[in-house]
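Subject: Structure handover

Hello,

Here is the structure I said I would pass on. My notes on it follow below.

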Amino acid sequence: MVEQRAPNAAVSHRSWLIDHGSYRDLQQLEVNVHGHEITSVRFSHHQDGIERPLRGGAALVVQQDALFKALRQRCRDVGVSVLESTRATTPIIERGFLRGALCSTDIELQAEYSVIADGANSTFGRTLGTYRRRDLPYLVAINGVWRSNLAATSTVNIALDLTRSSENSLAGYGWLLPSGAGSMTGGVVVPSTVRDVESINLLQVLDEMVRTHAFRCGLDPDTPLELGRERRLPVGGSVSPILGPTFVVAGDAGSTADPLSGIGVSGSLLSGRLAGEVVADAIDEGASAPLQKYSANLTSALDRRRRIGRVMLPILGHKVGRLALPLAAHSTVAADALLRSTFDTSLRR
Ligand SMILES: Cc1cc2nc3c(=O)[nH]c(=O)nc-3n(C[C@H](O)[C@H](O)[C@H](O)COP(=O)(O)OP(=O)(O)OC[C@H]3O[C@@H](n4cnc5c(N)ncnc54)[C@H](O)[C@@H]3O)c2cc1C
């Protein structure tokens with residue numbers, strides 16, 4: 001396992017929203033990370049809003065750094081060497097097969113099989129021939145962290161009133177996640193199907209979203225603790241191929257994030273587990289044939305959401321979708337439909 005980290009990277013307060021399935025997967029893997037339980041979602045559109053209760057344990061907020069630390073610890077516990085501050089730079093190819101990588105620290109890693117999980121840009125994956133299909137939509141997202149005196153609440157705010165700098169409404173949504181410990185992570189996500197997506201200043205959209213909801217969420221919009229960079233998120237199986245004769249591609253590198261919500265931890269965990277299984281089978285059998293199951297296994301797990309995403313994202317980017325989305329802040333029927341379709345989340349009965 002290789003991980004690249006900026007040598008003096010500051011501690012991040014950023015949090016992720018993860019679903020119950022991901023949390024259960026982490027517990028089964030004995031990854032010891034605490035989650036702040038979310039009991040309701042509030043859809044907001046300017047001053048209007050509707051709050052809907054979630055089934056117990058349906059969603060949790062976890063601190064990103066705590067999750068990374070717990071994952072690294074668990075890897076070490078089971079005997080994995082974790083190389084920090086080490087970037088895989090050049091693939092080692094022998095007779096057409098990937099057999100390892102040259103690394104930034106002058107280390108040469110030899111590997112019979114490799115799992116490529118180098119994130120959304122996937123520079124290493126690209127050198128092996130992976131590409132993102134231009135005809136399929138992607139998402140752009142950004143987040144940041146603010147101190148909040150309401151961080152202990154258990155309600156996630158979903159903002160359906162994103163605006164462009166021209167003050168025209170913008171499809172997509174914003175979120176404010178209480179961490180349970182003094183801060184909230186705010187973010188916005190916009191589908192590539194909206195007009196002029198490349199020219200949108202997402203930082204400005206985030207700033208405006210936070211200002212609109214600052215009072216309700218108990219935060220001061222002028223003093224963010226940290227601000228991220230705008231990132232392009234490949235989603236819904238838009239990257240291929242996701243396997244070669246001696247490697248498989250997992251996580252954002254293989255576009256496993258959910259196409260509608262942009263939630264990606266669940267797809268990363270799932271693909272990581274499936275990748276581990278086929279690699280273990282290949283080692284046991286002494287042949288690479290089991291790797292071929294990876295693509296079918298991943299497709300069967302994620303195909304339903306991918307199909308919905310390919311239909312819905314173009315509609316969302318259209319004026320009709322942009323005008324329909326805020327209905328969820330005005331009608332419980334629309335709010336419940338949005339929770340089920342976009343967030344694939346169960347409501348409390
Ligand atoms: C703004 C924003 C907010 C989001 N919020 C949520 C959320 O609330 N909930 C959720 O579930 N998902 C969220 N997502 C999606 C989620 O972040 C990703 O889907 C998830 O992190 C993917 O995990 P990954 O391991 O595939 O990639 P990453 O988390 O990007 O990890 C890839 C790792 O590989 C390392 N790396 C890259 N290149 C190399 C190399 N050459 N050699 C060695 N290492 C390398 C990187 O440094 C990094 O550590 C969000 C995404 C964005 C952009």
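Helices (H or I, at least four residues) and strands (E, at least two) are DSSP runs, numbered from the N terminus. The model is a predicted one: local features need pLDDT of at least 70, side-chain atom pairs count only at pLDDT 80 or more, and totals for chains, interfaces and linings use all residues. Residue numbers start from 1 along each chain as its sequence is written.

Overall form

The chain contains eight helices and 19 strands. Its radius of gyration, taken over C-alpha atoms, is 20 Å, which agrees with the value near 20 Å for a compact globule of 349 residues. The globule rule used is 2.2 Å times the number of residues to the power 0.38. The C-alpha trace spans about 60 × 40 × 40 Å along its principal axes.

A residue is called buried if 20 or more other C-beta atoms lie within 10 Å of its own, exposed if 12 or fewer, and partly exposed in between, with C-beta atoms placed from the backbone. By that rule, 43% of the 349 residues of the chain are buried. Two residues are in contact if their C-beta atoms, placed from the backbone, lie within 7 Å. Among contacts between residues at least 6 apart in sequence, 70% join residues at least 24 apart.

Two strands pair if DSSP finds at least two bridges between them. Strand 9 runs parallel to strand 19 (residues 247-249), and three bridges link the two. Ser114 has Phe247 of strand 19 as its bridge partner.

Helix 8

Helix 8 (residues 332-341) has Ala335, Leu338 and Leu339 as its buried residues. Seen down the helix axis, they fall within an arc of 100°, so they line one face of helix 8; the arc is that of the directions from the axis to the C-beta atoms. Val333 and Arg340, on the other side of helix 8, are exposed. Strand 3 (40-45) and strand 4 (48-53) are included in what covers the buried residues.

Backbone points to check

Ser240 and Pro241 are joined by a cis peptide bond, with omega about -10°. Pro241 sits in the loop between strand 17 (239-240) and strand 18.

Ser85 is not a glycine, yet has a positive phi of about 55°. Ser85 is in the loop between helix 2 (64-77) and strand 6 (88-94), and counts as partly exposed because it has 13 C-beta neighbours inside 10 Å. Ser255, also not a glycine, has a positive phi of about 55°. Ser255 lies in the loop between strand 19 and helix 5, and its 29 C-beta neighbours inside 10 Å are why it counts as buried.

Regards
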